[in-house]
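Q: Can you walk me through this one? I'd like to start with the charged side chains, then look at the strands.

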Amino acid sequence: SMSGLGGRLQAIVRLPNGEVHGVDATTEAPINYDTATTPIVKFGYEVIGIPGVVAGLCKLLEDHGTLPLEMVMQPAIKYAKKGFPILKGEASRHLSASKQLKDFAGSRQYFMKNGRTYQAGEKWVQKDLANTLGLIAKGGRDAFYKGEIAKTIASFMAEQGGFLSEEDLAAHHSEWVMPVSCNYRGYDVWELPPNGQGVAALQILNIMEGYDVKSMGFGSPEYVHYFTEAKKLAF
């Protein structure tokens with residue numbers, strides 16, 4: 001539910017020979033973004049970075065996939081064009097973000113219906129998204145970062161006072177990175193290195209390995225307390 005085209009992507013791939021590789025396609029800051037002069041806000045066009053999800057998905061498919069991009073994307077295009085019923089969890093997340101969604105015209109147009117968020121079970125049709133996905137399916141990553149889509153994004157961002165430009169989009173690239181790991185009670189656990197938070201998860205496991213977690217009982221006050229303290233230390 002959180003894999004929109006404007007987002008980021010991090011993924012771990014385990015090959016048949018046991019090798020583990022990671023893809024880092026996180027969001028980069030625009031070239032003209034200046035932290036010294038730009039107010040730090042949580043919402044708004046000023047904080048929109050270069051979306052990496054399309055580049056990351058294409059890299060995964062190109063290097064390790066077996067099917068053509070156009071075929072892989074057909075189900076997503078179908079659901080966007082014909083719609084699908086909103087799930088309860090998704091409806092709840094939309095409702096909790098309704099105040100922020102109302103503040104921006106684009107969000108109101110695509111994520112709301114008659115001034116309110118979609119309710120569980122209501123059909124959500126996204127024909128514009130289907131069109132965008134279709135362009136990517138035919139033109140690959142460059143259709144998003146260098147073509148008609150990039151021009152539309154950059155033009156809109158300029159109108160709204162954002163920093164994201166055609167130059168930013170064209171220069172973006174995802175990369176393969178070496179994952180980091182630890183062994184927890186006989187199991188190898190893999191995470192991606194910073195700029196993700198995976199290292200913290202490994203640190204939490206390293207701390208908890210010194211305690212008899214099984215005897216605490218899942219969900220017990222002692223269990224919750226120890227994990228909470230370990231998380232506080234890791235972060």
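A: A salt bridge here is a side-chain nitrogen of Lys or Arg within 4 Å of a carboxyl oxygen of Asp or Glu. By that rule, Lys113, Arg116 and Glu122 are linked in a network of salt bridges.

Q: What kind of model is this, and what are the ground rules?
A: This is a predicted model: local features need pLDDT of at least 70, side-chain atom pairs count only at pLDDT 80 or more, and totals for chains, interfaces and linings use all residues. Residues are numbered from 1 along each chain as its sequence is written, and side-chain values use heavy atoms, with hydrogens and water left out.

Q: How many salt bridges does the structure hold?
A: Six.

Q: Which residue forms a salt bridge with Glu90?
A: Arg93 does, with the closest N and O atoms 3.0 Å apart. Both sit in helix H4 (residues 88–96), three residues apart, so about one helical turn separates them. Helices are DSSP runs (H or I, at least four residues) and strands likewise (E, at least two), numbered from the N terminus.

Q: Is Glu90 buried or exposed?
A: Buried, with a relative accessible area of 15%. Arg93 is partly exposed at 42%. The cut-offs: buried is under 20% relative accessible area, exposed is over 50%, partly exposed is in between (1.4 Å probe, protein chains only).

Q: What does Lys151 pair with?
A: Lys151 forms a salt bridge with Glu166, closest N and O atoms 3.5 Å apart. That pair links distant parts of the chain: Lys151 is in helix H9 (residues 148–160) and Glu166 in helix H10 (residues 166–171), 15 residues apart. Lys151 is partly exposed, at 48%. Glu166 is partly exposed too, at 37%.

Q: And Asp142, what's its salt bridge partner?
A: Arg141, with the closest N and O atoms 3.4 Å apart. Asp142 counts as partly exposed, at 36% relative accessibility.

Q: Switching to strands. Why is S2 largely enclosed?
A: Five of the six residues of S2 (residues 20–25) are buried, so the rest of the structure largely encloses the strand.

Q: How many bridges join S1 to S2?
A: Six, and S1 (residues 9–14) runs antiparallel to S2. Two strands pair if DSSP finds at least two bridges between them. Leu9 has Ala25 in S2 as its bridge partner.

Q: What about the turn of that hairpin?
A: Five residues lie between the strands, and Gly18 takes a positive phi near 95 degrees.

Q: Which residue stands opposite Val23?
A: Trp176 in S7. Three bridges join S2 to S7 (residues 175–177), and the two run antiparallel.
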